[in-house]
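Colleague: I've got a new model to look at and I'm still learning how to read these. Walk me through it, please.

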Amino acid sequence: MGDDQADSDTRRESESDAVYRMTGSLTITRAASTQRELDAAQDPLTIDLAGVKKMDTVGAWLIHRTMRDRQAKVVGASPDVQKLLEQVADADHPTKVRPEQRSAPMRALDELGEWVSEAGRTLIGLLGFLGAVMIGFAAVIRHPKRFRLNAVVQRFDLVGVRALGIIGLMTFLIGVVIGQQGAVQLEQFGAEVYTINLIGRLSIRELATLMTAIMVAGRSGSAFAAQIGTMKITEEIDAMRTIGVSPVEALVIPRMLASVIMMPLLSFFAMIMSLLGGGIFVWVALGIPPLTFVQRIQEVVPITDLYVGLIKAPVFGFIIALAGCFQGMQVEGNSEEVGTRTTAAVVQSIFLVIVLDAVFAVFFSQVGWL
Amino acid sequence: MTTPAIITIRGLANSFGEDQQVHEGLDLEVRRGEILGVVGGSGTGKSVLMRSIIGLQTPDEGEIDVLGENMIGRDDLDAKNIRRRWGILFQNGALFSTLTVAENVQVPIREYFPFIKPPLLDEIASYKIAMSGLPADAGPKYPSELSGGMRKRAGLARALALDPELLFLDEPTAGLDPIGAAAFDELIVNLKQRLELTVFLITHDLDTLYAICDRVAVLSDKKVVAVGTIEELLALDHPWIQDYFNGPRGRAASAGLNKGHREA
């Protein structure tokens, strides 16, 4: 039985009444060629199985379908082979293998419809989720004992403290890049000294907060979605509910708080690092000493720029946590869903952050914080 | 012994970390054409034993021969020819969640026999699905749409995809209702007889042991302490075996079987 690849030989002998003689082993190893040969044989067909030493269900199936579809006769089957043929005949039920396929235009319409209803459902779901989070916050405020300090502090660590390194490095380099690009352009007008204005205002008003938000979305927003999504699949969330623990209070609120509180702190840190990068650049490249740099920054960057940067930060943090937790909660079914939902969380939060940033830019200009 | 051994394990030792020895000097033989039940308390390394045999876990010591070939230290490519001669049903089915049931069944066939044309592949998948006792509309469903019992059957259909000689089942009836479990037992016996399988069966289910196992191996104290038919095991004076088969559940299962015999 162990010699699968042994001298198996299935060949056709052209006799007058088309007898197809099979010898050796008729198994899945030879399925493709046996099928070809059987298809090529002419009707009416008689299959002689006397020489078959070994057969598996695939071989039996090939014989069975020839018998079924072409009324072929089978002769010389040993009892074992006969038994196997009966087995597969038993299992021959019309079984669906593929989902039904529609024509291409119908499929396109189908997909469009599904997309629209999915978008609608997501929007309504998001609204509902927002409501649930609000209720959760209200419940925690009314019953402060239910507030999970440990969970929140742990999230502070994960979202904030552990992000310091990468955010610091990133914004430091951004400061250097602004300085370098600014210097190259402004040099043409002999106005290199304005590089400091550029570094100061751009970093503090816009880039530090925005880059921090993007990094937090990539680092923590994705983690929120993946963690909660995995918990959803393993039914941990259901377990929580049945025990009486609200998943919103236990999972969502700590993450929301962490990202709302950590975002301004991280943004402030990012501003400092960006100024540091720019300051070092102008010192090295333009020969402006650090003290002068600091003095100039004080003169040219209005305090409102800092407000603009810091007011945006918690809002971005809220958006990131909302998208991450919401997408995580939407996970259902299989592990692939965790991946797509995580991607959706990051894409949505970065997109919304940039849209809101534009809104804020217009708003603050209108308010007169130029 | 007239029947040749299909799996031979000698002096197997497995451990996790420094101080957690799972197996030590474990010997076991599985004969061709039998259903061997493997029992043991939780944590006695039943699953680790199976994983060692199928090459998912490299043992610290010992020799494992499967289908006449040594399995230790073989690389994946080398062991491929042996791998396609066995089928494995993991505890939770381990179906690929992004593929339909039919596609799951086709995965091993596509992997080993890429020249088989899609229409024939579909036919093969459909009769395998029918053989495993799944309803006709199960083919295009995804594993998440199936019940626990159907998932096990789908896993079995995939395990049988390549017409294996050797079938490994890890707690096939765990989590099934008694009727479903009995039906699954019957299915395994049927398939074993029809397809001339050898079955290596890990189970906690006493009913399964009584109903379908030819021999039972008992894992305890890091080795196989006894192998034999249930009557042979009952004659032994090992405390765990006595507790196991003569506990309230063991007696109930044995009584149920005797009753079944009388009625039949």
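This is a predicted model: local features need pLDDT of at least 70, side-chain atom pairs count only at pLDDT 80 or more; totals for chains, interfaces and linings use all residues.

Colleague: Within what arc do the buried residues of helix 1 of chain A fall?

Modeller: The buried ones are A:Ala31, A:Thr34, A:Gln35 and A:Leu38. An α-helix has 3.6 residues a turn, so residues three or four places apart point the same way. The arc is taken from the directions from the helix axis to the C-beta atoms. Seen down the axis, the buried residues of helix 1 of chain A line one face, because they fall within an arc of 100°.

Colleague: What handedness does the crossover through helix 1 of chain A have?

Modeller: Helices (H or I, at least four residues) and strands (E, at least two) are DSSP runs, numbered from the N terminus. Strands 2 (19-26) and 3 (46-55) of chain A pair in the parallel sense over seven bridges (pairing takes at least two bridges found by DSSP). Between them the chain goes through helix 1 (31-40) of chain A. Point the strands away from you: a clockwise path from the first strand over the helix to the second counts as right-handed, and this β-α-β crossover is right-handed.

Colleague: Which helix of chain A gives the most to the side that touches chain B?

Modeller: Contact is C-beta atoms, placed from the backbone, within 7 Å, and here 26 residues of chain A are in contact with 29 of chain B. Helices 1, 2 (57-70), 3 (79-90) and 12 (335-367) of chain A each supply at least two residues of that side. With four residues, the top contributor is helix 2 of chain A.

Colleague: Which strands are the edges of the six-stranded open sheet in chain B?

Modeller: The order is 6-7-8-3-9-10, with mixed pairing. An edge strand here pairs on one side only, and that describes strand 6 (86-89) and strand 10 (223-228) of chain B.

Conventions:
Residues are numbered from 1 along each chain as its sequence is written. Chains are lettered from A and ligands numbered from 1 in the order in which they are written. Two residues are in contact if their C-beta atoms, placed from the backbone, lie within 7 Å. A residue is buried if 20 or more other C-beta atoms lie within 10 Å of its own, exposed if 12 or fewer, and partly exposed in between; C-beta atoms are placed from the backbone.
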